[in-house]
Amino acid sequence: METMTATIERTTARTDAPVAETRHETTRQRAARYVFAGIRIALGWTFLWAFLDKVFGLGFATEAKNAWINGGSPTKGFLTFGAAGPFADFYHGIAGAAWADVLFMTGLAAIGVALLLGIGMRVAAVAGAVLYVMMWTVVLPPENNPFMDDHLLNAALLVGLALVNAGATLGLGRAWAKLPIVRRFPWLR
């Protein structure tokens, strides 16, 4: 019996259609596709929520007085007071810089939207993994483990979601893959 990953790789290499459209799909494989889609949507929401909270100061991680629209900096507080370990000086140096704020916020929004819609999964996975690894390096070593924390796990999850074509289930991944520019530049998939 084939593994789901091998089946998806073979199928997506030919048609970009989900397994169910090209051969009989087991209940287990269908369930796995939906689990991966759910994880994709959940991770997308965490990126988009962080963006919205920092822009509008919704009171969860960012108070209204520190919102980006009220002149606050999305990077200043955490990178100034939270950075520790071997990269602390680097992060202290970029804390509150306008270019760092724009880059960080653009990344949060773009990665969140791409994951929620299931489009541009390869780009979103790479960008999201890089952002997660950078956030991991801000507080090295992690508080509860010598090296492992949720940032590294989420970075690996993003890569895995792109590899199993998780944007094709409960997302616009199939339609996205048919666009002429995406066909011409498959890395946009």
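A crossing of two helices is left-handed if the near helix is turned anticlockwise from the far one by less than a right angle, and right-handed if clockwise. The structure shown is a predicted model, in which local features need pLDDT of at least 70 and side-chain atom pairs count only at pLDDT 80 or more, while totals for chains, interfaces and linings use all residues. Residues are numbered from 1 along each chain as its sequence is written, and side-chain values use heavy atoms, with hydrogens and water left out.

**View 1. Crossing of helices H3 and H8.**
H3 passes H8 in a left-handed crossing. The axes of H3 and H8 come within 10 Å and cross at roughly 130 degrees; axes are lines fitted to C-alpha atoms, for helices over the stretch in contact, and angles run from 0 to 180 degrees between N-to-C directions. The two helices, H3 and H8, are therefore oblique to each other (angles under 35 degrees count as roughly parallel, over 145 as roughly antiparallel, 65 to 115 as roughly perpendicular and the rest as oblique). On the H3 side, Phe36, Ile39, Arg40, Leu43 and Phe47 meet Asn154, Leu157, Leu158 and Leu161 of H8, where contact means heavy atoms within 4.5 Å. By class, the residues in the contact of H3 with H8 are seven nonpolar, one polar and one charged (Ala, Val, Leu, Ile, Met, Phe, Trp, Tyr, Cys and Pro count as nonpolar, Asp, Glu, Lys and Arg as charged, and the others, Gly among them, as polar).

**View 2. Packing of helices H3 and H7.**
Helix H3 (residues 27-56) packs with helix H7 (residues 121-138) at an angle of about 55 degrees, and their axes are 13 Å apart. H3 and H7 are therefore oblique to each other, and H3 passes H7 in a left-handed crossing. Arg40, Leu43, Thr46 and Phe47 of H3 form the contact with Met121, Gly128, Leu131 and Tyr132 of H7. This contact of H3 with H7 comprises five nonpolar, two polar and one charged residues.

**View 3. Histidine 151 and leucine 152 in helix H8.**
Histidine 151 lies in helix H8 (residues 150-163), and leucine 152 is also placed in helix H8. With a relative accessible area of 18%, histidine 151 is buried (buried means under 20% relative accessible area, exposed over 50%, partly exposed in between, with a 1.4 Å probe and protein chains only). Apart from neighbours within four places in sequence, histidine 151 is in contact with Tyr132, Met135 and Trp136. Leucine 152, with the neighbours within four places in sequence likewise left aside, contacts Val133, Trp136 and Phe147. The C-alpha atoms of leucine 152 and tryptophan 136 are 7.0 Å apart, although these residues are 16 residues apart in sequence.

**View 4. Threonine 137 in helix H7.**
Threonine 137 is part of helix H7. This residue, threonine 137, counts as buried at 11% relative accessibility. Not counting residues up to four places away in sequence, threonine 137 touches Ala84, Phe87 and Tyr91.

**View 5. Threonine 106 in helix H6.**
Helix H6 (residues 98-117) contains threonine 106. Threonine 106 counts as partly exposed, at 48% relative accessibility. A separation of 8.4 Å lies between the C-alpha atoms of threonine 106 and phenylalanine 51, which are 55 residues apart along the chain.

In the loop between H7 and H8 lies proline 141, and a cis peptide bond joins leucine 140 to proline 141, with omega about -15 degrees. The loop between H8 and helix H9 (173-177) holds asparagine 165. Asparagine 165 has a positive phi of about 60 degrees although it is not a glycine. Leucine 170 also lies in the loop between H8 and H9; its phi is near 55 degrees, a positive value in a residue other than glycine.

**View 6. The protein chain as the setting of the close-ups.**
The protein chain has 10 helices and zero strands (helices, H or I of at least four residues, and strands, E of at least two, are DSSP runs numbered from the N terminus). Of the 189 residues in the protein chain, 42% are buried. Among contacts with a separation of 6 or more, 59% are between residues 24 or more positions apart. The protein chain exposes about 10,600 Å², of which carbon and sulfur atoms supply 68%; accessible areas come from the Shrake-Rupley method with a 1.4 Å probe, and for residues only the protein chains shown count as cover.
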